[in-house]
Protein chains: 2
Amino acid sequence: VSFFDCRWVEAPGHVRELGDGATLPAGFRAAGVACGLKGSGGLDVGLLVSDSPRTTSAARFTRSGVLAAPVLVCQDRCDLGALRAVVANSGNANAATGAPGFETALAMQAAGAEAAGVEAPGVAVASTGVIGVQLPAEPVTRGIAEAARALDPGGSRDFAAAIMTTDAFEKRVDLEVDLPGGTVRVSAQCKGAGMISPAFATMLCFVQTDAALSAETADLLLGVTVKRSFDRVSVDGQLSTNDTAILMCSGESGVRVEPESEDELRLGEALDATLRQLALLLVRDGEGCGRVGRVVVTGGDPAGVQRVARAVADSPLVKAALHGGDPNWGRIAQAAGMALPGTAPLPLDIWIEDVQVCSGGQAVPHDERALAAAVGGTEVEYAIGLPGAGAETELFFSDLSHEYVRINAEYTT
Amino acid sequence: VSFFDCRWVEAPGHVRELGDGATLPAGFRAAGVACGLKGSGGLDVGLLVSDSPRTTSAARFTRSGVLAAPVLVCQDRCDLGALRAVVANSGNANAATGAPGFETALAMQAAGAEAAGVEAPGVAVASTGVIGVQLPAEPVTRGIAEAARALDPGGSRDFAAAIMTTDAFEKRVDLEVDLPGGTVRVSAQCKGAGMISPAFATMLCFVQTDAALSAETADLLLGVTVKRSFDRVSVDGQLSTNDTAILMCSGESGVRVEPESEDELRLGEALDATLRQLALLLVRDGEGCGRVGRVVVTGGDPAGVQRVARAVADSPLVKAALHGGDPNWGRIAQAAGMALPGTAPLPLDIWIEDVQVCSGGQAVPHDERALAAAVGGTEVEYAIGLPGAGAETELFFSDLSHEYVRINAEYTT
């Protein structure tokens, strides 16, 4: 199975997927170990290190008003343009844990610095799991030391496993990317299945390349591609306290990517496709997800287009209809109306899988049998036309299933 | 079982509940008939009439940008301060039905005027049911004529049944209210189980009194009490295209309620308790609802307090935890943080059923066994303290259950 397996994400021609045995890009090593945070005994502490002193990096975080301790440490105590290592754990988010939690995150950073042989500000910290429970520092720092001994260029799979929580499958890829200046490598490890949206969500994503980028270029590329990927998905409309995306560039390939060059454009295309596909995997692995929806909204008002897309993607009624394979487009009209109060009568156009069901706010006759068949697939596309033109957005979202309820009604107990 | 059966709504001492045989307040008659809109053959057309020419009234409607035809007719073609009749149907919302739908709503209004012997602007129209399907005018207008022949002071139960959709139980009450100027009657019929929030939702509510109020006083009382009741509930965070609340005052008791009088205060208290209890019944009958939550948010910023209450009440993670009897308060912190982006670190206080679980943004040790027992009841109260003081709000919300998914994944198919 190819990584790029979705009709909504085009794999660029200059990108090649590598097989199972691929190592990380030159300069990187990773490991994942078990320190006992997960009741299952599964891998729960990950360490990712770049051995190159000229490594550049960029990072993006959740916009929540309740920031987890590891996010605070990243924002306050890291040189985000020159990260050399990431320490991450699953099983506990270290969020709503106050000063003791902040101390634990600092201890993780210090253990990571020791493990990677770098200064503390070069080490990012990321956590995911239950909120409001103190993360015990001792097993985690011990796990980081153990991971340091296990660091390996082939450690990507274990690292990815160590950041998974309710994820049903791993979200990971190793790519070769042909740039005009030479061929570079890109690898990425990602997790996320719930508490996803409206920003990129808990959702951790780590991307490595051996291309040589300035920290500014890395920041630009990560910023643009995160906006088009992790910012455009919703599982449950819930913004996590811990969302983190980090791009690290070792430069070990010797291929320099200069600002506004063809190399930058091509690498950007590769990152864009990679992050969009990973974002889609988050939705596909959304807790209890059976079907994935894509809503495309066009119109003249950029803010209105965004609001309608969010309202549709987050609507439990739309999501339940998606789950049931029910072409109940009235709920799409309802969600759009809710997003744009006081605009009635709204001349709304709605298509489901290219079948127009509503024109100018009014139901239109259509082939109901064809529509019922179209919404029975694993991916369903909704298009909404608002008045005017020039603005467009898309959002990917999961359905609402019995399984989502089961997972989330039984989480901590 | 008393109508006022919830610890969160106090029944005023001057309000008495009447038994099953109670008629409507003096001047009112109602009926409900079956015209074939409901596949089940159940009652689906309701007619409510005041025989008093001095009847005053007030109305409130959804703020959706996608307004159903009956709402457009009410807003554009009614004298909302002097309504004499209501025609209502279930089984079809007459929403997203364009000009033909508007004509059908006008035909319902005309049939209602004929039935009540009044001018068309004195007749309000309300519909609830599926969106985006043309409502056939003929069976409905025929049903209205049939209902006219069945009008009766004891017709409240049939009228209430005729406006129900996925409602599992009727939401209806008949009261006697002692005012300084004399005793008056209040009756109310309400429906709603899904597409509930953030404004009062499909949600129809009709209230009758034989007190004599000016249209301005009726409007003031309805406006204030709707804001404190139907505006403060959420089943699924979805705003309907059809929400309608109408208060009609026949004046037939001879008791005048003057502005800013003790009579107005007492009648307002009675309406307030009645509408709050009806709003609670909407939540309790929320699709698939097993447990009802109440969130109270205090702080210094009125807008922030509102946003946090909505975010908590609408969060599928909080709702699923409520369903599972899971004291997972981290999701409350998450929802609050999502509602207030960029405010970290937020010194959040959280209590569940008076057990403090978070102080100043940090988990506090608590009796987990007592907490687990407290969230196992049918009603769970959450309190959230934000920085500052002076602002406070409450919201009632349902849980998210397997049954909600089942109902909404199988609705039209």
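At 0% relative accessibility, B:Val308 counts as buried. This comes from a predicted model, and the residue makes a handy place to start. B:Val308 is found in helix 7 of chain B, which covers residues 302-314. Leaving aside residues up to four places away in sequence, B:Val308 touches B:Val297, B:Ala336, B:Ala339, B:Leu340, B:Ile384 and B:Leu386. As for B:Thr298, 10 residues away along the chain, its C-alpha atom is separated from that of B:Val308 by 9.7 Å.

Next comes helix 1 of chain B and its surroundings. The buried residues of this helix are B:Ala69, B:Pro70, B:Val71, B:Leu72, B:Val73 and B:Cys74. Their cover includes strand 4 (56-61), helix 2, strand 6 (123-128) and strand 11 (244-249) of chain B. Looking at the helix pair itself, the axes of helix 1 (residues 69-77) and helix 2 (residues 98-116) of chain B come within 8 Å and cross at roughly 65°. The crossing of helix 1 of chain B past helix 2 of chain B is right-handed. On the helix 1 side of chain B, the contact is made by B:Ala69, B:Pro70, B:Leu72, B:Val73 and B:Arg77, and these meet B:Gly101, B:Phe102, B:Ala105, B:Leu106 and B:Gln109 in helix 2 of chain B. By type, the residues of this contact between helix 1 and helix 2 of chain B split into seven nonpolar, two polar and one charged.

B:Ala96 lies in the loop between strand 5 (85-90) and helix 2 of chain B. Most residues other than glycine have a negative phi. B:Ala96, though not a glycine, has a positive phi of about 55°. B:Ala96 counts as buried because its relative accessibility is 5%, where the cut-off is under 20%. B:Glu353 is another non-glycine residue with a positive phi, here about 45°. B:Glu353 has its place in the loop between strand 13 and strand 14 (355-359) of chain B.

The peptide bonds have their own exceptions. Most peptide bonds are trans. In chain A, however, A:Ala344 and A:Pro345 are joined by a cis peptide bond with omega at about -5°. A:Pro345 sits in the loop between helix 9 (330-339) and strand 13 (349-352) of chain A. Over in chain B, a cis peptide bond joins B:Ala344 to B:Pro345, and omega is about -5°. The loop that holds B:Pro345 runs between helix 9 (330-339) and strand 13 (349-352) of chain B.

That leaves the aromatic rings. Over all chains, the structure holds eight aromatic pairs. One of them is formed by A:Phe159 and A:Phe206, whose rings are edge-to-face, with 5.4 Å centre to centre and 65° between the planes. A:Phe159 counts as buried, since its relative accessibility is 0%. A:Phe206 counts as buried too, at 0% relative accessibility. Rings also take part in contacts with charged groups. In chain A, the charged end of A:Lys171 sits over the ring of A:Phe169, 4.6 Å from the ring centre. In chain B, B:Lys171 lies over the face of B:Phe169, and the distance to the ring centre is 4.6 Å.

Key. Residues numbered from 1 in each chain as written. Chains lettered and ligands numbered in written order. Predicted model: local features only at pLDDT ≥ 70, side-chain atom pairs only at ≥ 80, totals over all residues. Heavy atoms only, no water. Axes fitted to C-alpha atoms, helices over the stretch in contact; angles between N-to-C directions. Helix = DSSP H or I, 4+ residues; strand = E, 2+ residues; numbered from the N terminus. Left-handed = near helix turned anticlockwise from the far one by under 90°. Contact = heavy atoms within 4.5 Å. Nonpolar A, V, L, I, M, F, W, Y, C, P; charged D, E, K, R; others polar. Phe/Tyr/Trp six-rings, centres within 6.5 Å; stacked < 30°, edge-to-face > 60°. Buried < 20%, exposed > 50% of the residue type's maximum accessible area, 1.4 Å probe, protein only. Lys NZ or Arg CZ within 6 Å of the ring centre and 35° of its normal.
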